[in-house]
Amino acid sequence: MRPRIITRLKSHLHQSCITYSYSSYQKMDRKKSKMKVVSRLEASKRGKNDIPASASITLTVLSAAPEGTGSSILLKLACDRFLFNAPESVQLFTESVNINMVNNIFFTRKSHEALSGLGGFLLCNTENFERSETIKLHGPPNVEKVLDLLSHFSEGHADPRARIEWRGLPHKSYEDSQVTVEYVPLYDERYDGNIENMHRNRADIDEEKEIEQAKHMTMAYIVKFKETAPKVDRHKLEALKIQSGPWVGELVKGRTVTLPDGRQLEPKDIIQEEGPVLGPLIVLEVPCEDYLTSLLTSPLHNLPSPDIIVHITPQSIIDDPRYQTFMKSYDCRHLILNEAAEMSYLPELHNACGIRNHIHGDIFPLPRGYSFTRPDIAQDTNTVYGCYHLNYMMRPYSSKGFHCDQIPQFHAGKAMEVAKEKIMEDVRKLNRSGGSSKEEHSKEWVDKAMERFKLKLKNGDAAPIFDKDYPEITFIGTGSAKPSQKRGASGILVTLRQNEYMLLDCGEGTLHQMITMYGRERTNLILAQTKAIFVSHLHFDHHGGLFSILRAIRETRAQDSGVRQRPLLLAPYFLINWIRLYSKHVLDISQDFEFIPHSVLLNANHAAREDLLQQVKTRLCLTDLQLCQVLHTKSSAGLVMQHNDGWKLVYSGDTMPCETLVKAGRNCDILIHEATFNDVEIDHALKKHHCVTSEAILVGKKMAAKYTLLTHFSQKMPNIPKFTALFTENVGFAFDLMTIKPNQLHLLYHMKPFYESLYGAHIEAADTKKKYLKVKQTEPADGSKESLAEGVAATVEDLEEVLKKRLAMIDSWTCVDGEDTGRSVRGVGAESDEKKGAKFDKNLKQVCESSKEFKDLNLGAGEEHGKNGDCSVDSYEIGEDSLIQNTKIDQTEKRKHGELQKDVKRSKVE
């Protein structure tokens, strides 16, 4: 019998006379071991609230604040994860982390660098949390206020505010079964105000004063770890040469026992020798020298020796003699996270870029804004500069120290070889799932396809569709609602002419992606010459990176001696609410752009429309610009641009197939259209108001677009969409960090054999699995094969029928100049457009008249817009099925469309 089993069951053996079999010991031992690795949430589900102190503690660097992008560390215990700071795109750095285990987030400062990623982190992961599970936010006052408007951008997700608890100075500390965390505030000596004293009499708190004071403080944290339970030393127990019994449990409890042979044993005779007591972890931010006085007079100055101090502190402060004296006063490890760190390397993104670079180096350049080197850190080194996935092991004592083995390394050639090896794994999955692999699903075919493509380039066999260099299109992010390392949140950089740029959406992480692609210097040059930012709608994956971009533009303009115009911000009107809140609590960005709301450009009768439209056209060198309301949310808009150089570009934003967009973009050169789902997921597209790939391509054909470029893919398409017969010479597909000119677009079609060989088996296996899951939804209770076969046919046929009817609807559109039927593939609802439009106009007018945000924020044309008070467009439809159109729908057409829509719904598989 194993001695450690006796130890684990000591209470049962001591207090009960029940005889346990060896198998019982094994079962309970496995259960206890499994409990060690589950989250606190899972442990509570199993009725175990008192979780033993963790025997393993690791500190992992998620972001080391490279290029001022913010720092973050993750404290990993057996059953818990504690996140310190949430900079933008922090969820990309935690892809390997069980999100259910992050129940506490600590902020060192109410700054953009510390909490800009909180919204995206919660919105991407709220559906993984149980409603009863509370996420605790620790930090300066009003950190939780940043979440007040998340409900506007959490469509399809649970409102994360329902499970948020703020803890700050009034609480003084936080404690659970694993840690005790003490809060230590530090203050800017220039600011005459003390938040700590103010909180002692909360009745007299002035909200505005509290908000302002919170901007002049940081919060340090002293994390003390609970001691682990004594453990039996197996070798000592074996040396006693006596069978284990209940006496082992008595010794573990600290009691002295007498054995049957008369020997008297003390706990030290079988208990493992304890290592040194684990000191606390200190997380500290000192943003400037004005906080040094507060630091040197705080409780941090005279602590028992900590194990490690994490310094989120600029290098100029690190070099200050006073700070050096503070660091040398503690003989412990020091981990420094500041601007001296190198840019984070994201393995999935960089490996994907390395693979694509083999096929065409210009269209798929290797990222330049990060380091390939892995730091060489000796175990006895006391002061270390952090980097992505650097680990510091605190427990067990035998592994204590810094570990670099998890820091990823990038080799473009190795990435391709790994991808080739994965082909055979995908083929095996495909065969196991009932599919059949093809001859081209092999490593040899990948090499052949690449050779054929390069031979076509050399011989000039691939005829270009365009002969122009502009507009050059760079896809910063091509993913949908939940970004990943392979496909980040939506962001497209359009080079209108040489050194003239425009951003189409800027989802969370756009700035980080740009720095990764170009490096900081080149990114600053681009941002300094960015003339406009277009935000298609109010979903976080389309505007979550706006504040980082605007702040970077401000810093660039400040460093530039030449006076540059502020960029235009074309966005939905209600984005102002988010901007006001952010400017009030975190960073005032109100003077960094000129605001032009969609509602003005969409309303032909608005008094300011023509002036604002001319301003945009002049700034961007356009002969024409149209905003087109599309079918996604009540604020969604597409964009049509006609440039002075003769090209016409259309951007759909997020939408279902929309005839209004087809008409507005008629005969365009390039259509950039969303294609969120593969055809087999037509039911998801209906539910989430998106397009499948076939719909997007057919919209381009109906628009008579010379070229259709697909983007905004679901994370179920991390590599490529499933190619169908519709993927012709004038249809392409985007990747993150892809930059392409019009005279290169035709090459994407000739790359198809390469991508089909590399990823085809993976896509076929995924499709087979999806169809199997559809079958399971309709599988009869008796499980009979005959019934199962019928279930297959019924499910697949239903989905195909829905797709056919939607494609037939698009094909039936007649988009002759001057004619607009106003039809769409979505029903108009029971309430008339006129009534809903009037209701919306009334509410919006009240907002405009009662608020002074435009005047207060000096948002360009917004002041005139606010005075006018008329933000209406011709008709709005509000609600879950948000249909927005800028033309009134003829009642006859509404009836025809309603009949067809009912027919579609009857065949749709819910």
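# A guided tour, stop by stop

Start by selecting His441, which sits in the loop between helix H16 (412–432) and helix H17 (443–459). Keep in mind along the way that this is a predicted model.

Is His441 buried or exposed? With a relative accessibility of 7%, His441 falls under the 20% limit and so counts as buried. Now show what touches it. Setting aside neighbours within four places in sequence, His441 is in contact with Ile423, Val427 and Leu430, and also with Glu756, Ser757, Gly760, Ala761 and Glu764. For a distance to draw in your viewer, pick the C-alpha atoms of His441 and Asp426: they are 9.0 Å apart in space, while the two residues are 15 apart in sequence.

**Zooming out**

Take a moment to look at the whole protein. There are 34 helices and 32 strands in it. Of its 910 residues, 58% count as buried. Among contacts between residues at least 6 apart in sequence, 71% join residues at least 24 apart.

Most peptide bonds are trans, and most residues other than glycine have a negative phi.

Select Arg395 and Pro396 first. The peptide bond between them is cis, with omega near -5°. You will find Pro396 in the loop that runs between strand E16 (391–395) and strand E17 (401–403).

Then move on to Tyr470 and Pro471, which are also joined by a cis peptide bond, this one with omega of about 5°. Pro471 belongs to the loop between H17 and strand E18 (472–477).

**Two positive phi values**

Go to His389 next. This residue is not a glycine, yet its phi is positive, at about 65°. His389 lies in the loop between strand E15 (383–385) and E16, and it is buried, with a relative accessible area of 16%.

Cys621 is the partner stop. What is the phi of Cys621? The value is near 60°, positive in a residue other than glycine. Look for Cys621 in the loop between helix H24 (609–620) and strand E24 (622–629). At 17% relative accessibility, Cys621 counts as buried.

**The cysteines**

While you have a cysteine selected, how many disulfides does a search of the whole structure find? The search finds zero. Cys691 shows this in one place: its closest cysteine sulfur belongs to Cys658 and is 9.3 Å away, which is too far for a bond because a disulfide needs the two sulfurs within 2.5 Å. Cys691 is also buried, at 0% relative accessibility. Select Cys506 as well; Cys506 too has 0% relative accessibility and counts as buried.

**A pair of packed helices**

For the last stop, colour helix H18 (residues 510–518) and helix H19 (residues 520–528). They pack at an angle of about 125°, and their axes are 7 Å apart. The two helices are therefore oblique to each other, and H18 passes H19 in a right-handed crossing.

Show the side chains at the contact:

- From H18, select Leu511, Met514, Ile515 and Tyr518.
- From H19, select Arg520, Arg522, Thr523, Ile526 and Leu527.

How do the residues of this contact of H18 with H19 divide? Six are nonpolar, one is polar and two are charged.

How values were computed: Residues numbered from 1 in each chain as written. Predicted model: local features only at pLDDT ≥ 70, side-chain atom pairs only at ≥ 80, totals over all residues. Heavy atoms only, no water. Buried < 20%, exposed > 50% of the residue type's maximum accessible area, 1.4 Å probe, protein only. Axes fitted to C-alpha atoms, helices over the stretch in contact; angles between N-to-C directions. Helix = DSSP H or I, 4+ residues; strand = E, 2+ residues; numbered from the N terminus. Parallel < 35°, antiparallel > 145°, perpendicular 65-115°, else oblique. Left-handed = near helix turned anticlockwise from the far one by under 90°. Contact = heavy atoms within 4.5 Å. Nonpolar A, V, L, I, M, F, W, Y, C, P; charged D, E, K, R; others polar.
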